[in-house]
Amino acid sequence: MSELNFEFFNDWVEKKLGIQLNSYKQKQMQRRIGNIMHTTGAKTLEEYAQILTRDKAARDAFVEHLTINVTEFYRNKEIFESFEETVKQIILPKYKMPKIWSAACSIGAEPYTLAMILDQNQIKGKIIATDIDKVILDKAKAGTYKLAELKNLAPTVLERYFTKQDNLYEIKPQIKKYVTFKRHDLLKDSYEPNCHIIVCRNVTIYFNSDARDEVYQKFSDVLMPGGILFTGATETISNCEQFGLKKVDSFIYQKI
């Protein structure tokens with residue numbers, strides 16, 4: 001795949017799909033695009049663009065492949081337990097009804113995990129869950145999962161928060177009511193204002209350094225004083241002070 005062709009495809013994707021590929025790590029993104037392009041039989045990026053133009057299923061598959069939807073309930077459970085304690089110690093004494101933004105929420109496992117934490121601790125709050133992928137958001141709104149996607153949940157939690165239907169588990173309305181889903185592009189759209197908690201995990205690792213720094217600065221800008229940013233297990237922000245943040249626990253940062 002030549003650099004010239006990739007430049008063409010970057011421009012085409014931004015113009016037609018509204019996604020800025022230049023903000024992603026290029027070698028990694030180039031490899032991913034090449035892999036899915038070949039599944040359609042396309043030989044060039046120009047040909048692949050033509051397929052995406054006329055074939056909605058191929059277009060949806062491309063966006064889903066691009067956005068790397070790897071997630072699960074209570075992903076990195078020990079880290080989530082530290083996050084829960086941080087919320088109790090830092091957020092609740094100051095903000096009784098926290099506004100939480102789950103950015104790049106994928107299939108909904110993360111915001112529903114946050115909702116269960118609120119419910120278990122009798123915390124009143126609201127969760128805004130966003131993702132760039134409309135197909136994935138539809139799955140998140142449905143809240144229906146296979147047992148393998150719930151592997152970190154105890155049987156008592158499954159019984160309390162899910163209704164089993166055949167081999168699927170649907171999240172109960174008492175948890176769904178906490179969460180509002182909507183489409184959002186971290187690289188282009190305006191950010192949720194006045195957040196007390198932002199959860200964005202295992203996403204910025206795919207961005208180049210400039211895009212990653214811009215996202216962290218925007219997160220800091222919309223956090224309320226003392227609010228926290230919760231990142232993924234591979235996303236240490238070594239220069240967090242640059243963004244007006246301080247580290248308070250592993251992968252948890254507070255707005256100074």
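Buried means under 20% relative accessible area, exposed means over 50%, and partly exposed lies in between (1.4 Å probe, protein chains only). The model is predicted, so that local features need pLDDT of at least 70 and side-chain atom pairs count only at pLDDT 80 or more, while totals for chains, interfaces and linings use all residues. Residues are numbered from 1 along each chain as its sequence is written, and side-chain values use heavy atoms, with hydrogens and water left out.

**View 1. Lys182 and Glu192 form a salt bridge.** The closest N and O atoms of this pair are 2.5 Å apart, a salt bridge being a side-chain nitrogen of Lys or Arg within 4 Å of a carboxyl oxygen of Asp or Glu. Because Lys182 lies in strand β6 and Glu192 in the loop between β6 and β7, the pair ties together parts that are ten residues apart in sequence; strands (E, at least two residues) are DSSP runs, numbered from the N terminus. Lys182 is partly exposed at 39% relative accessible area, whereas Glu192 is buried at 10%.

**View 2. Glu192 also forms a salt bridge with Lys99.** Here the closest N and O atoms are 3.3 Å apart. Glu192 belongs to the loop between β6 (179-183) and β7 (195-199) and Lys99 to strand β1 (residues 99-102), so this contact ties together parts that are 93 residues apart in sequence. Both Glu192 and Lys99 are buried.

**View 3. Lys176 and Glu170 form a salt bridge.** Their closest N and O atoms are 3.3 Å apart. Lys176 counts as partly exposed at 24% relative accessibility, and Glu170 counts as partly exposed at 26%.

Definitions and conventions
Helix = DSSP H or I, 4+ residues; strand = E, 2+ residues; numbered from the N terminus.
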